[in-house]
Amino acid sequence: MSKATPFTSVPVIDVSGLRSAHEPDRLAVVDEIGRAARDIGFFYISGTGLDPALFDGLLSAAEEFFALPLEEKMRSYIGLSSCHRGYVPTGEEGTDEVKPDLKEAFDTALDLPADDPDHLAGNPMLGPNTWPALPGFDRAVTAYYQAVLDVGRQLLWAFAVALGEDPDTFLRYATKTPSQLRLIHYPFNPEPDDAVGIGAHSDFECFTLLAPTAPGLEVLNGAGQWIDVPPIPGTFVINIGDMLELWTNGEYIATTHRVRKVRQERYAFPLFFNVDYDTVVQPLPQFTTPDRPGRAPLRAGEHLFAQTAQIFRYLRRRLESGELHLPDGSLPVGSFGREARQAAT
């Protein structure tokens, strides 16, 4: 099982070698990724080869949208969507009713046509995106999404190889994924000491690729200390999510993190890389023994939906009214990550 290491910094890994024609170059990067995933659960990646103009276009689109009057943004309110897409106002997300997360967001994912069969069948996380009436917004967001999704596929391959599995062990399940891209805006806050931008949590998918514009992100180390993860130009912050923790039976940990003390205006763009909705995720055989039994399996999309439904106010109202029901076997929020491990000891 992964060591709960008392790390004090997060490594930077140049992943350009993953695109090398030479196997030793690829495997050298894979080794670094595997070590960081086991010991920390967080790392930066550089050398992705992404055109910086993609991020610039995304940031400009986000700045233009979040500058709109609230009533205009609410035309794209996420509660109007049947597949969880659109504007998330301050106070909509989070489990703390007294001190809500101090942020607003715009949620997108794989943009499927309105006649997609999964969408028509009522899948709660697959379907068309909601787009505001801003020229070029959809193009900028989609171009960034597709490019970063390709980086995510490279990492998914690398995780499988690092674990000693067939390179396609995870990729074979990444064909039509409910991988979400969030555009998050933290407003200027002159008194940030006790303000929480996003409360402590693990991410629900396989892993996350994050591009932030300002400090605020903190990660929980094995000693129970919060470590700053500041932005580094030209990199993504990568963190392990619930599904990789489950697949590895805790060999990789969905490291708990939070955003707080955000004084300056901050934008953050996490892409939560997931596998296909109906993928049954259960511990790989190499990570289970009589002394280390495997955790119960989960369907990747059902876990994402169940966790989402417990932290978004509009979905909680539907649960309370009986309009929605959590899938069988759904876990409470906070069931993965170092915080969950510490609570169990």
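Helix H2 gives the most to the lining of the second largest pocket, putting in 4 residues. In this predicted model, the pocket has a volume of about 360 Å³. Its lining comes to 17 residues, and those nearest the centre are Phe55, Ala211, Pro233, Gly234 and Thr235. Two elements, helix H2 (52-66) and strand E7 (207-212), each supply at least two lining residues.

Now for the backbone. His84 is one of them: its phi is positive, near 60 degrees. Asn249 is another non-glycine with a positive phi, this time about 55 degrees. Where do they sit? His84 is in the loop between helix H3 (70-73) and strand E3 (86-88), while Asn249 is in the loop between helix H6 (242-247) and strand E11 (257-260).

Are these two buried or exposed? The cut-off for buried is under 20% relative accessible area. His84 has 3% relative accessibility, so it counts as buried. Asn249 has a relative accessible area of 4%, so it is buried too.

A positive phi also turns up at a glycine: Gly164, which follows helix H5, has a phi near 80 degrees. Helix H5 itself covers residues 137-162, 26 residues in total. From its first C-alpha to its last, H5 reaches 37 Å, close to the 38 Å expected at 1.5 Å a residue.

On to the cysteines. How many disulfides does the model have? The count comes to 0, going by the rule that a pair of cysteine sulfur atoms must lie within 2.5 Å. Two cysteines can still be placed by their accessibility. Cys83 is buried, because its relative accessibility is 2%. Cys206 is buried as well, because its relative accessible area is 0%.

Here are the buried residues mentioned above, side by side:

| Residue | Relative accessible area |
|---|---|
| His84 | 3% |
| Asn249 | 4% |
| Cys83 | 2% |
| Cys206 | 0% |

Methods:
Residues are numbered from 1 along each chain as its sequence is written. This is a predicted model: local features need pLDDT of at least 70, side-chain atom pairs count only at pLDDT 80 or more; totals for chains, interfaces and linings use all residues. Side-chain values use heavy atoms; hydrogens and water are left out. The expected span of a helix is 1.5 Å times one less than its number of residues. Buried means under 20% relative accessible area, exposed over 50%, partly exposed in between (1.4 Å probe, protein chains only). On a 1 Å grid over the protein atoms alone, a cavity is a set of points where a 1.4 Å probe fits but cannot get out, and a pocket is an open set with protein on both sides within 12 Å along at least five of seven lines; lining residues have an atom within 4 Å of a point. Grid points are joined across faces, edges and corners, and a volume is the space filled by probe spheres set on the points.
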